[in-house]
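Please look through the structure shown here together with the following notes, which go from the overall fold to single elements.

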Amino acid sequence: MQRQAISPIFTPKMMTEYMPSFSNHCELLKRKLQSIPNGKLIDVYAEIAPFTYDIVCETLLGTKVRFAQNTWKSEFFHLAELGYEIVFERMIKSLYQSDVLFYFSKRYNDYVKIQKLVDNFTRTILKDKQSDTQKPFDTCLDRILKHDLTEKQQMDATYVIFTASQESITTIISFVILMLAIHPDIQQKAHEELDRVLGTEDDEIPFTIELLNSLEYLDMCIKEVLRLYPIGHIIQRECKQDFRLNNDVVLPSGCSIGVGIYAMHRDPNIWPEPDKFIPERFTREAVLNRHPYAYVPFSAGPMNCIGKIYADLLMKSVAATILRNNRFECDYKRVEEITLKTDISIRPQKGYPVRIYSR
Ligand code: HEM
């Protein structure tokens with residue numbers, strides 16, 4: 001139900017309506033970054049998350065909850081990450097799948113704390129919506145709320161939209177900045193494109209779909225990040241009928257299948273030097289020469305990601321804003337030095353440490 005209710009929201013018309021919101025919040029992010037002293041070591045994720053959270057809250061949920069202006073608790077950021085770890089542990093540890101055994105585990109108290117925070121957050125959003133009569137556009141949440149749902153279903157839907165969008169988008173943008181900081185030559189090419197397309201003045205950028213689509217090199221950088229660090233690194237499916245693979249192994253009906261997207265994206269038979277960051281893997285010619293399912297960061301088929309178009313345009317808006325005015329350096333010299341941790345998504349163990357310099 002949720003999927004059908006949300007899908008029509010990401011038409012070009014709706015995306016056009018979101019553009020002023022992207023532009024306004026990106027301008028605020030630009031100013032925030034301008035206030036950071038040159039050469040300071042920052043964690044990119046922590047700097048941009050309040051702004052991407054606000055854009056998602058405004059455009060997908062239609063709420064005035066604000067993270068960048070501290071009207072919501074910073075505690076949320078810490079607990080959100082802990083929440084992802086617990087969800088993943090419950091997926092992979094058989095003991096944690098039993099509610100009774102989980103109740104007696106050391107994770108249970110954290111789980112209750114997170115659940116309270118999430119409930120409080122989603123209730124605030126839903127209450128905030130009821131009192132807001134001036135809506136510039138229909139959001140994902142507006143469409144979901146048109147269905148006959150219980151309060152619990154409304155709260156779950158609110159949180160799914162929020163968590164499926166903001167975390168993935170912020171993570172990928174942060175990885176893009178980290179990759180460009182490791183590869184100054186690639187960063188230089190991205191800067192040249194931004195200067196050419198957006199100009200070099202320090203003015204506010206009124207983003208449009210056409211403008212963002214013309215940032216082809218930035219798009220290649222984002223795609224290469226999504227290859228190296230697919231957020232949904234493993235997805236699960238249930239086999240509905242016996243299925244014979246090419247090597248004659250039969251997957252029996254009812255069995256659960258894990259599709260290892262991370263491993264597929266680093267298969268050396270398809271991706272030469274798979275651990276290297278090479279945006280040119282995504283030139284039009286290179287893409288045409290590969291099997292379309294060799295690269296599936298948004299999954300594929302009937303259960304694929306519904307937010308791809310939205311994610312694509314928002315990631316480009318934020319990445320372009322950050323890069324247009326700043327240059328980044330970092331202590332890592334090679335991609336392989338970044339150690340990853342995985343739960344329901346992939347993150348670097350030590351965050352995204354980069355030095356920021358204004359251009
Ligand atoms: C870089 C950004 C994103 C990435 C890499 C990503 C990736 C994915 C992947 C791999 C799946 C499929 C999981 C599966 O097949 O089991 C998925 C599902 C989903 N995504 Fe995204 N996503 C992103 C952004 C978004 C955004 C912005 C939204 C906004 C609404 C969103 C909403 C969803 C929803 C609701 C599903 C579940 C679809 C279903 O079960 O029918 N995602 N995403």
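What percentage of the 359 residues in the protein do buried residues make up?

1. Buried residues make up 33% of the 359 residues, where a residue is buried if 20 or more other C-beta atoms lie within 10 Å of its own, exposed if 12 or fewer, and partly exposed in between, with C-beta atoms placed from the backbone. The model is predicted, so local features need pLDDT of at least 70 and side-chain atom pairs count only at pLDDT 80 or more, whereas totals for chains, interfaces and linings use all residues. Residues are numbered from 1 along each chain as its sequence is written.

2. The secondary structure comes to 15 helices and nine strands, these being DSSP runs numbered from the N terminus (H or I, at least four residues, for helices; E, at least two, for strands). The radius of gyration, taken over C-alpha atoms, is compared with a globule rule of 2.2 Å times the number of residues to the power 0.38; the protein has 21 Å, which agrees with the value near 21 Å for a compact globule of 359 residues. Of the contacts with a separation of 6 or more, 77% are between residues 24 or more positions apart, a contact being two C-beta atoms, placed from the backbone, within 7 Å.

3. Around the ligand there are 24 residues, of which S165, G232, S299, C305 and G307 come nearest; a residue counts as near if its C-beta atom, placed from the backbone, lies within 6 Å of the molecule. Two or more residues each are given to this shell by α9 (151-182) and α15 (308-325), and the largest share, seven residues, comes from α9.

4. Helix α10 (residues 184-198) reaches 20 Å from its first C-alpha to its last, close to the expected 21 Å, which is 1.5 Å times one less than its number of residues. I186, A190, E193 and L194 are buried in α10, and because the buried residues fall within an arc of 100° seen down the axis, they line one face of the helix; the arc is that of the directions from the helix axis to the C-beta atoms. These buried residues pack against α9, α12 (216-228) and α15, while P184, D185, Q188, E192, D195 and R196 are exposed on the other side.

5. V354 lies in strand β9 (residues 353-358) and counts as buried because it has 25 C-beta neighbours inside 10 Å. Leaving out residues up to four places away in sequence, V354 touches I42, V44, I177, L178, A181, F328, E329 and C330.
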